[in-house]
Every structure is written in C-alpha cells, then in structure tokens.
Amino acid sequence: MSDTTSELQQIADRVVERARAGEQIEAFVSRGGETEVRIYEGEVEHFVAAQAEGIGIRVISDGRTGFAYAGTLDESAIGEVLDEARDNVQFGNADEYASLAEPDGVAPTEQSLWNDALADFATDRKIEIAKELEKLAAGKDSRVRVDDANYADAWGEAAVASTAGIRQAGRENGCYVSVSTLADDGEGDDAETQTGFGFSVGNEPSEFDLERAATEANDRATRLLGATKPSSKRVTVVLDPFVTAQFLGVISSTLNGEAVVKGRSLFKDRIGDQVAAAGVTLVDDPTNPKAYTSTDVDGEGLAARRNVLIENGRLQQFVHNAYSARRAGTVSTGNATRGGFAGTPGVGCLALSLEPGTRSQAEIIADIDDGLLVQQMQGLHSGVNPISGDFSTGAAGLLINNGEVGAPVREFTIASTLQRMLLDIVEVGGDIDWLPMRSAGMSLVISDITMSGN
C-alpha cells in the first residue's frame, strides 16, 4: 500500500470507528485524476488535467439507508458528511435487504494495476503522442481527413472500510489513444463522407501501437465509401470486434443481478437453461491483466473475481453486489460498481469477454459464401429491449460474397432477438482486442439475421 493510499485507509477507518450502537457505517474514500488531450491540425484543441478527491458515507439503521458525500477530505467536512448521512437515514424507506457487504473470504488476486512510468509520464510527451497519431492517420490516404487525435489517461486510489469488517485499499492507472477520421469522395450531389476510428490501450504509452490505430481508422472510413442500400434478405453476419464489444455491453445489462431481481431481464428464472449456442462461454474476469478495466476489488471492497456467466451455452449465474445478491437469495459475485465517492454501489460486469476462438477474421470470412461484415451499429442500446430481447438497429458494413469482402452497404437495419442471436452464434474469432471499455471485442459470427434494406 502506498503512503497516499494508506492515508485514505486511515481516513475511512476513523469514520467507521465513530459508529454508534445499532448503526452500520461504510466509508468510501477516493482520490484520482485524468488527462485528456485532443489534437486538431497539429494544434492542441482541448486539454484537461483534472484531479478530485472526496468521501462518501453510507449509514444503515433499522433497515433505512442514508448517504452523503463531500468533495474534500478535510477532517471537519468529513464529520459533517457523517452527520448528514445519519440525518438522511430518516428519509429512507425501510428495506429488509438493506445491509453492507460482509467479508466472504475471497482474497484479491495479485495484479500490477499501478505503473510508475505512466504516473511520471511528462505532459508534453502526451501531446507529442497525440500529434504523432494524427500525422500517421493523415498520411495514409489522400481521401482521409483526421477529425481529431486523442490521448487520455486516468489514475485513481481508493479505500473502503465498514463496520461489517471490510477494509481494502488500492490504486490503479491506465491510458489509451484514439483517432477519428473522415473519408471524402465524389463531388456535388454525389459527394459523401464516411467516418472511421482507431484505438490503442496500454499500461503505459510505450505499449501503444499508433500505426495500427491509424491504419484501422483509415480502413474503417475508406472501405465504406460508395456504400449503397442493400436488398433485404437473411444473412450470416460477422460482427467486427468493436461491434462485438458493444453487443456484449448490451448482453451484460441482461445479466445484471439488479435487473434480474426487479424482473427487468429476459434471463430471469433461466439459470441452467441453454441460452446460447453450445461452445459459447461468456466470462466476466476483472483479474485478467489484459483487460483495460482490470481491478482487484469491487466497489464494496470485496475481491474482484472470475465469474463464468454462460458456459458452453448454459446460463450459470448473474453478477451481483451485496444488495442484489441478498434480494436474490445468493452471494455477491464481487461486481459492485462505483462511479466514485459521490455515488452508492451499483451492479455491473467489470471486464466481460467471450472465450475466444482460434481463427482470424479473414479466415472466418473465407468460409462464408453470402454474408455481411457489420462495421457499425447505430443506437445499439436504444435499439434493444432488455426485457423482450427484441433487437433492431441501423448498421453499415460490407457484403461478403464467396469468401471475400465486397461492396459497402449502409442505411439498413439488422433485426432479431437477443435470445435468437445468442443461440445462432456460429463462431467466435480468435482476434480478441481489449478496448477502453468494460467488454472485449473479437469477430463474432451469427447466422440467420434479417438485413432490411430495399
């Protein structure tokens, strides 16, 4: 534990020591910062270097919960926050499930979540990296303009203590670059512009693959030039890795224990059922060091752990924090999420991924006679009903003919249900890519999807 993290732990401990008889108290103390650099035409267009610290306190008494927070760690302010949380108890509704997380004996997995090289990385070098990325992306194709090139990093340290016996502290940092491109073609009424993007993530800037990010941003934009509206038909689709990561984000909302206990998940009462194709295994594993969102403890101080949610197509479990687990009659899976000191714990997947296959996207496409490579989905979250599973969203991509990627297409929708799509998964690609989000991407092949165009 670093000196600064130890300081946070001591603050949390002192709050808990002030608990009165019959009171449960949890103190969550955090400190963090971020850097954002956006480059446009070689100049810094946007720069943010921000830090914040504060404390959030939960008090539970007679089944009622009070919460308060402050964006300061001043000792007198902390006393006021505790008093306010106690006052807020009277406004809470009595809830038989209200209680703090308790130690469950699961030890945190040893991980290297803090990188001194990133913490000490000079600001001018961050700007230079973003400029270098812009230059790389701009020099690959005369039709491509760079909309913006970005560098971003974040660090955080937190400590949590509670009267239930929780006492955990840690710190982590990470960084990524991204670039957005615009590809232009044609003139007058025939003029069109397509968009692209590329990412690279790392524990420190030396791990960035700028060339790859620039190439992907160019390819994604230029290969959609000349796209037309396709004819309607049922096809086999290949989801590009970034689209798959978005798709998994939607799936994760249906496996959220809070949604399940509230009856807002299509998978309610389906534990043990075959919900995906045989061979499909879905894992939430924040202990995977390759995941951008890897962590050692969850938002309530329980050890983060590998949870197999779907194994060989069968639904095994949902993700829970302490509260949703109690309502569901089970135990926490270490999936409490927390946006910072200003919020109470929620529930969510922390680092979701399908078990990858072995083949590349090119090898997969070579075996498809009539299909569609989906490169973009618009409004994915709004186009999916997490209760019924109905799925309909706009998309753009490339037709697949006789094993090769062909004409670009756009202005169509792809439609099915989440249930059907999971059961119709034909193959998971081996091209796993961890993105700056809570789910991984890889090529995903789904059969019998309705493509609605002309």
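The unreviewed UniProt entry annotates residues 119-225 as "domain: Metalloprotease TldD/E central". In this predicted model, that span is 28% helix and 46% strand, and its end C-alpha atoms sit 41 Å apart.

Turning to the sheets, six strands make up an open one, with antiparallel pairing and the order β3-β2-β1-β4-β5-β6. Its edges are β3 (64-70) and β6 (192-202), each of which pairs on one side only. From one strand to the next, the twist averages 20°. At the β3 end, strand β2 (residues 43-61) runs antiparallel to β3 and is joined to it by seven bridges; V59 has G66 of β3 as its bridge partner. Two helices go with this sheet. Helix α2 (residues 75-89) lies across β1 (24-40), β2 and β3, at about 150° to β3. Helix α5 (residues 210-222), for its part, packs on the sheet by touching β4 (144-162), β5 (167-185) and β6, and its direction makes about 155° with that of β6.

There is also an open sheet of four strands, again with antiparallel pairing, in the order β10-β9-β8-β13. Here the edge strands are β10 (314-315) and β13 (352-354), both pairing on one side only. Strand β8 (residues 282-284) pairs with β13 in the antiparallel sense over three bridges, and V283 finds its bridge partner in S353 of β13. Helix α6 lies across β8 and β13, running at about 115° to β13.

What about the nonpolar interior? The largest nonpolar core holds 47 residues, and the members touching the most others are L239, L372, V374, M377 and F391. Helix α6 (residues 241-254) supplies the largest share of this core, with five residues.

As for the cysteines, C175 is buried, since its relative accessible area is 0% and the cut-off for burial is under 20%. C349, at 8%, counts as buried too because that value falls under the 20% limit. With a disulfide taken as a pair of cysteine sulfur atoms within 2.5 Å, the count of disulfides comes to zero.

Methods
Residues are numbered from 1 along each chain as its sequence is written. This is a predicted model: local features need pLDDT of at least 70, side-chain atom pairs count only at pLDDT 80 or more; totals for chains, interfaces and linings use all residues. Side-chain values use heavy atoms; hydrogens and water are left out. A nonpolar core is a set of buried Ala, Val, Leu, Ile, Met, Phe, Trp, Tyr and Cys residues joined through side-chain atoms within 4.5 Å. Buried means under 20% relative accessible area, exposed over 50%, partly exposed in between (1.4 Å probe, protein chains only). UniProt positions are given in the numbering used here, feature names are shortened, and annotations may be inferred rather than shown by experiment. Two strands pair if DSSP finds at least two bridges between them. Contact means heavy atoms within 4.5 Å. Axes are lines fitted to C-alpha atoms, for helices over the stretch in contact, and angles run from 0 to 180 degrees between N-to-C directions.
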